[in-house]
Amino acid sequence: MSTTHDVINPATEEVVTTLDLVGVEETDAAIAKAVEVGPAWRAVSPADRGMLLRRFADVVEEHTEELARLEVTNAGHTIGNARWEAGNVVNVLRYYSAAPERLFGRQIPVAGGLDVTFKEPLGVVSVIVPWNFPMPIAGWGFAPALAAGNTVVLKPAELTPLTAIRLGELALQAGLPEGVFTILPGKGSVVGERFVTHPDVRKVCFTGSTAVGQGIMRKAADQLKRVTLELGGKSANIVFADADVEKAAASAPMSFLDNAGQDCCARTRILVQRKVYDAFMERFEAAIRAVRVGDPGDESTEMGPMVSSGQRDTVRSFVEDAEATGHAAPDIAFRGAAPSGKGWWYPPTVLMAHGTGDRAWREEIFGPVVSVMPFDDEADAIAKANDTAYGLSGSIWTRDVGRAIRVSRAVEAGNLSVNSHSSVRYSTPFGGFKASGIGRELGPDALDAFTETKNVFFDTQA
Ligand code: NAP
Ligand code: MG
């Protein structure tokens, strides 16, 4: 049975294209092919595998503008972001293209022989990608997986499959053998589920919601299948009175509005030391009102639309529809502007938290909404920052070096930045504490997540 999916431009609500969705049979065939070509792929010499990945990077780079425009149309990303995202795929491929020749094991001193470890590929690795960053999140999975000698099947989100499909074509154009890297656009409940239940898939690399991630981990247990999970976040942005408050306030908007807030690293809980609360809010309001929301294809736009009407409904359920869904109405401090008419627009929205029990304070909204709360001292800031199920990201603003070190060690999150909001660099590890996930992507150690360590002892007494 074949089903189709209309890909819709979130800024115009126009149908971009209609795709045939892949079913279980085609998924099984792609996995069988990935198994079949696996031995030949892992037998490619390290230098040649590295060279193929560099060629893949070059071809992606040549198509940066095409890929970026595709993402503007499919996901409503601003053109500036979309170019960065395509460039991130290039960078990640180049970074891991050095890995095949550096997949070192160890030689460990033992009595009576030689002991050596090897990093062996897992076999078929599956990557399940969400709609919020279709290109980067795909690359963080497939690049290290391929570099380590695995074959890869990848499922993009149903809402945003176009750039992944194109990357699959570019891989073939770059000379990757057929079947080594296969894109399977289809439903999570069909293709994604099959990755988890198919015995020949040795690993699931998943990014998305915590609930789906938990379900995958539960089912993966049946086959002791390896998982990496990158899940949600509710990250804190902590502004101390001794910080450059002006800079903290000026940079706070894009720390939660980037990608229209559809970012697992969004700093959606702002904690401001009481002494500077009013000064911060005054400057923050001016900065929010200045954010340019509009046509994502326009070079000067800072924020585009939400990805879907469903996602916008979810965001509304936290704000204007809160009472209709049985929750207290939040206190709106101020809002920015957004276009009206066609397109899934939502204005930048700042809420004043009543307390840490507020639904908007606790739950991941995944839209351009932030809550602000004052705190008294360092201990209070740390306690409030850690009062969450999540632990993905966060920022600390202070000029006191000792405090920066103490607080960054005390906040339970995988990726923190001091006096900045940066989260992701391809050369450093990325991932979450607590309900934000399991495992780390990117950086020098990501290959461990795509290999098994094999220890071999050679008897030298014979
Ligand atoms: P989701 O359901 O977790 O989707 C993420 C990916 O998993 C998609 O490719 C999805 O496919 C697939 N999937 C869904 N059900 C599956 C299953 N049972 N087995 C295997 N794969 C499955 O996330 P969503 O519905 O798009 O978004 C819901 C919320 O999740 C958001 O509001 C946000 O809070 C959070 N989220 C977080 C991140 C993040 O970066 N951490 C990313 C996206 C969403 P289909 O899309 O084709 O169903
Ligand atoms: Mg879903």
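How far from an oxygen atom of ligand 1 does a polar side-chain atom of Lys-155 lie? The distance in this predicted model is 2.9 Å.

Local features in this predicted model need pLDDT of at least 70, side-chain atom pairs count only at pLDDT 80 or more, and totals for chains, interfaces and linings use all residues. Residues are numbered from 1 along each chain as its sequence is written, chains are lettered from A and ligands numbered from 1 in the order in which they are written, and side-chain values use heavy atoms, with hydrogens and water left out.

**View 1. The surroundings of ligand 1.** There are 26 residues around ligand 1 (a heavy atom within 4 Å of it). Among them, Val-129, Trp-131, Ser-209, Leu-231 and Glu-364 come nearest. Besides Lys-155, the side chain of Asn-132 places an N or O atom 3.2 Å from an oxygen atom of ligand 1. Glu-158 has a backbone N or O atom 3.1 Å from an oxygen atom of the ligand.

**View 2. Domain 1 and domain 2.** Domain 1 covers 3-231 + 436-459 and domain 2 covers 236-424, with bounds from an automatic or database domain assignment. Their centres, taken over C-alpha atoms, are 31 Å apart. In contact (heavy atoms within 4.5 Å) are 27 residues of domain 1 and 28 residues of domain 2. The two domains bury about 2,200 Å² between them, 58% of it on carbon and sulfur atoms; buried area is the accessible area (1.4 Å probe) that two parts lose on being put together, summed over both. Glu-13, Trp-131 and Ser-436 supply 24% of the area that domain 1 buries against domain 2, more than any other three residues.

View 3. Two salt bridges (a side-chain nitrogen of Lys or Arg within 4 Å of a carboxyl oxygen of Asp or Glu) are counted between domain 1 and domain 2. Arg-83 and Glu-299 form a salt bridge, with their closest N and O atoms 3.0 Å apart. Helix H3 (64-75) and helix H4 (79-97) each supply at least two residues of the side of domain 1 that touches domain 2; helices are DSSP runs (H or I, at least four residues), numbered from the N terminus.

View 4. The whole structure holds 26 salt bridges. In one formed by Arg-94 and Asp-58, the closest N and O atoms are 2.8 Å apart. Arg-94 lies in helix H4 and Asp-58 in helix H2 (residues 46-62), so the pair ties together parts that are 36 residues apart in sequence.

Conventions
A polar contact is a pair of N or O atoms within 3.5 Å; within protein, one must be able to donate a hydrogen and the other to accept it, and residues adjacent in sequence count only if both atoms are side-chain atoms.
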